[in-house]
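Let's take a walk through this structure together. Have the sequence and the 3D view at hand as you read.

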Amino acid sequence: MVAPKWAVEAAMIPYDSVVEWVERSAVNQTVGWWPPILLVTNNEVIHLTRSLIRKQSYRIPRKSLRSVDYHQGIIWDTLTLNVAGGDLSNTVIPINRKHRRVVHRILQELRRDW
């Protein structure tokens, strides 16, 4: 499945550079906001948010990832990225359970670096 066009364009990356992607859970979803997207490329992990007014992206170089934890929950699962330094040292990402298979592919991809 191809990543959403708005996410790839907001991340300013080529379409063919996306290795895996997953839509986050809409936990506490605010009106006018779309569920955030997590894109994984060969070089970085990109976390994107989109509202009616703006788009934001947070880029995490894959080389700076120290560990990745995944916890399965009742309603949603959580993916935690432990990053060396920076403002995003422990990024917790809630993910809808229906995307569990995709998250396992993302985990396999990220663990190739270790």
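Going from one end of the sequence to the other, the protein runs α-β-β-β-β-β-β-β-α. That gives 2 helices and 7 strands, where helices (H or I, at least four residues) and strands (E, at least two) are DSSP runs numbered from the N terminus. The model is predicted, so to speak of local features requires pLDDT of at least 70 and side-chain atom pairs count only at pLDDT 80 or more, while totals for chains, interfaces and linings use all residues. Residues are numbered from 1 along each chain as its sequence is written, and side-chain values use heavy atoms, with hydrogens and water left out.

Now for the whole protein. Of its 114 residues, 45% are buried, meaning under 20% relative accessible area with a 1.4 Å probe and protein chains only; exposed means over 50%, and partly exposed lies in between. Among contacts (heavy atoms within 4.5 Å) between residues at least 6 apart in sequence, 38% join residues at least 24 apart.

Next, look at helix α2, residues 100-111. At 1.5 Å a residue, its 12 residues should span 16 Å, and its end C-alpha atoms are 16 Å apart, which agrees; the expected span is 1.5 Å times one less than the number of residues. Its buried residues are Arg100, Val102, Val103, Ile106, Leu107, Glu109 and Leu110. An α-helix has 3.6 residues a turn, so residues three or four places apart point the same way.

Finally, find Met12 in the loop between α1 (5-11) and β1 (18-23). Met12 is exposed, with a relative accessible area of 72%. The phi of Met12 is near 55°, a positive value in a residue other than glycine. Most residues other than glycine have a negative phi.
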